[in-house]
Amino acid sequence: MDHGGHGMNMDLPPFTLARGLEFTGDLFFLVACLLGLGLYAWGVVRLRRRGDPWPVGRTVSWVIGVLTVALVMCTALNEYGMVLFSVHMVQHMVISMLSPILLLLGAPVTLTLRALPAAGRGRKGPRELLVALLHSRYMRVISHPAFTIPLFIASLYALYFTPLFDLLMRSQAGHIAMMVHFLATGLVFFWPIMGVDPGPHRPGYVMRMLELFAGMPFHAFFGIALMMASQPMVDTYANPPASLGVDALSDQTAAGGIAWAFSEIPSVVVLIALVFQWYVSDQRQSRRQDRRAERDGDQELAAYNAYLASLQARGGR
């Protein structure tokens with residue numbers, strides 16, 4: 001049976017964590033990760049040379065986010081993920097739910113807007129084109145919860161419970177396209193919720209939390225469906241290589257458990273980030289109100305002093 005057409009050895013040794021983390025350097029994702037790190041570093045260096053600060057936390061978040069993608073796509077995890085449902089599910093959960101959150105906390109759009117030079121008057125450069133894209137109808141549609149939540153859910157059910165998954169797993173290009181889709185779906189889903197970068201859809205904090213929790217239960221249900229199934233539900237993983245000593249149904253149950261448990265991780269991470277953002281926003285607003293009150297108080301005091309001075313001037317006549 002062809003497990004993905006990657007031309008890899010079907011006699012894989014039994015899976016261990018050390019073996020799974022061996023670097024293999026899948027070319028597509030290796031180049032993408034190096035490019036992501038390089039361009040981000042260029043933006044940060046450009047800001048620093050200009051004397052503009054850039055939060056270290058954002059840089060750390062971006063780097064860790066890129067490394068999580070490399071971890072599941074440029075190591076032997078990717079090879080085992082072609083024949084073991086449980087390993088594939090780890091890849092899927094990380095690249096669709098953990099990596100996007102970390103990447104978005106790195107605020108790449110904000111960095112790009114600040115690092116790119118503005119074109120001259122009447123001209124359009126990369127910065128102006130990016131601003132136009134952010135304000136486009138296309139972005140309003142793909143960042144709206146009526147689009148992001150169904151897409152997030154459909155990426156699970158429409159893929160694994162139809163022949164589409166097996167079709168994509170037959171070729172390296174199909175497998176790469178599927179993983180890119182998982183990453184893109186995660187970015188689109190969490191982008192308006194995280195609210196770090198500018199975007200057309202920016203609901204309040206309570207609404208963001210509701211958007212987050214609207215999608216998460218479906219991940220749990222998906223995991224439970226896999227765990228309760230009495231037969232393999234995906235043909236690709238119906239016959240694991242004998243050298244692995246793995247039972248297909250047990251492996252599928254493990255995959256379901258991973259999908260079920262993993263849905264909690266991003267919920268907690270995003271919730272912490274949202275509460276922190278909410279707190280910072282409130283503090284900023286309080287400081288603004290204090291400054292306004294202080295300014296208004298100074299004006300009232302000046303007016304009162306002027307009034308007293310006018311009374312004194314009148315009394316001195």
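Ser 61 counts as buried, at 8% relative accessibility. Buried here means under 20% relative accessible area, exposed means over 50%, and partly exposed is in between, with a 1.4 Å probe and protein chains only. Ser 61 sits in helix H3, residues 56–73. Helices are DSSP runs of H or I with at least four residues, numbered from the N terminus. Leaving out residues up to four places away in sequence, Ser 61 touches Leu 102, Leu 103, Leu 105 and Gly 106. Touching, or contact, means heavy atoms within 4.5 Å.

A word on the basis. This is a predicted model, where local features need pLDDT of at least 70 and side-chain atom pairs count only at pLDDT 80 or more, while totals for chains, interfaces and linings use all residues. Residues are numbered from 1 along each chain as its sequence is written, and side-chain values use heavy atoms, with hydrogens and water left out.

Next, Ala 107. This residue is in the loop between helix H5 (85–105) and helix H6 (108–115). Ala 107 is buried, at 0% relative accessibility. Its phi is positive, about 50 degrees, although Ala 107 is not a glycine. Most residues other than glycine have a negative phi.

On to helix H7, residues 126–134. Which residues of H7 are buried? They are Glu 128, Leu 130 and Leu 134. Viewed down the axis of H7, they fall within an arc of 160 degrees, so they line one face of the helix. That arc is taken from the directions from the helix axis to the C-beta atoms. Their cover includes H6, helix H8 (137–142) and H11.

Now the H11 and H12 pair. The axes of H11 (residues 172–194) and H12 (residues 205–228) come within 8 Å and cross at roughly 155 degrees. Axes are lines fitted to C-alpha atoms over the stretch in contact, and angles run from 0 to 180 degrees between N-to-C directions. The two helices are therefore roughly antiparallel, a label for angles over 145 degrees. Phe 189, Phe 190, Pro 192, Ile 193 and Met 194 in H11 meet Arg 208, Glu 211, Leu 212, Gly 215 and Met 216 in H12.

Last, Ala 225, also in helix H12. Buried, exposed or partly exposed? Ala 225 is partly exposed, with a relative accessible area of 30%. Its C-alpha atom is separated by 7.2 Å from that of Gly 256, 31 residues apart along the chain. Beyond residues up to four places away in sequence, Ala 225 touches Phe 161 and Met 233.

How values were computed. Angles under 35 degrees count as roughly parallel, over 145 as roughly antiparallel, 65 to 115 as roughly perpendicular and the rest as oblique.
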